[in-house]
Amino acid sequence: MEKLREYLNSLNQEQQKSFASACNTSIEYLRKAISKKQKLGPVLSVLIEIHSGNAVTRQDLHPADWVMIWPELNIKKNVA
C-alpha cells in the first residue's frame, strides 16, 4: 500500500480524482483503504496496475498472496 500512497501523492488533486475514477472508485476510498491497510479486491488491484502504468503493481498491493490470486504472473516471472 505504500507504493499506492506514494503514487497518489505524486499526482495533483485533479489527477488523483481522474485516476480513481478510471479505477471505478474514489480517491476517498483509496485513501481510507491505505490508512486502514485494507486489502483491495483483485479487480481494483488490476485496474490500479493498468491505470498507474505499472507504477503500482498487483504484487505491490498483495505481497503475501498475489501468487495465489494470479498464478499466471508467477509463471511469466519464472520464464523471463
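Me: In which loop does N54 lie?

Reply: N54 lies in the loop between α4 (42–51) and α5 (58–61), where helices (H or I, at least four residues) and strands (E, at least two) are DSSP runs, numbered from the N terminus. This is a predicted model, in which local features need pLDDT of at least 70 and side-chain atom pairs count only at pLDDT 80 or more, while totals for chains, interfaces and linings use all residues. Residues are numbered from 1 along each chain as its sequence is written, and side-chain values use heavy atoms, with hydrogens and water left out.

Me: Which residues of α3 are buried, and which exposed residues does the face turned away from them carry?

Reply: The buried residues of α3 are I27, L30, A33 and I34. Seen down the axis of α3, these residues fall within an arc of 130 degrees, so they line one face of the helix; the arc is that of the directions from the helix axis to the C-beta atoms. The face turned away from this buried side carries the exposed residues E28, S35 and K36. On the buried side, the residues of α3 pack against α1 (2–9), α2 and α4, contact meaning heavy atoms within 4.5 Å.

Me: How many residues are in the largest nonpolar core?

Reply: In soluble globular proteins, nonpolar side chains tend to be buried together. A nonpolar core is a set of buried Ala, Val, Leu, Ile, Met, Phe, Trp, Tyr and Cys residues joined through side-chain atoms within 4.5 Å. Here the largest such core has 17 residues, and those with the most contacts inside it are L4, L8, F19, L30, L40 and I48. The elements that give two or more residues to this core are α1, α2, α3 and α4, and its largest share, four residues, comes from α3. Not counting residues up to four places away in sequence, L40 touches M1, L4, Y29, A33, S45, I48, L61 and H62.

Me: At what angle do the axes of α1 and α3 cross?

Reply: Two packed helices are described by the angle between their axes and the distance between the axes. The axes of α1 and α3 come within 10 Å and cross at roughly 140 degrees, which makes α1 oblique to α3. Angles under 35 degrees count as roughly parallel, over 145 as roughly antiparallel, 65 to 115 as roughly perpendicular and the rest as oblique; axes are lines fitted to C-alpha atoms, for helices over the stretch in contact, and angles run from 0 to 180 degrees between N-to-C directions. The contact is made by L4, R5, L8 and N9 of α1 and I27, L30, R31 and I34 of α3.

Me: Is E49 buried or exposed?

Reply: E49, which is found in helix α4, is buried, with a relative accessible area of 9%. Leaving aside neighbours within four places in sequence, E49 is in contact with N54, V56, T57, R58 and Q59.

Terms used:
Buried means under 20% relative accessible area, exposed over 50%, partly exposed in between (1.4 Å probe, protein chains only).
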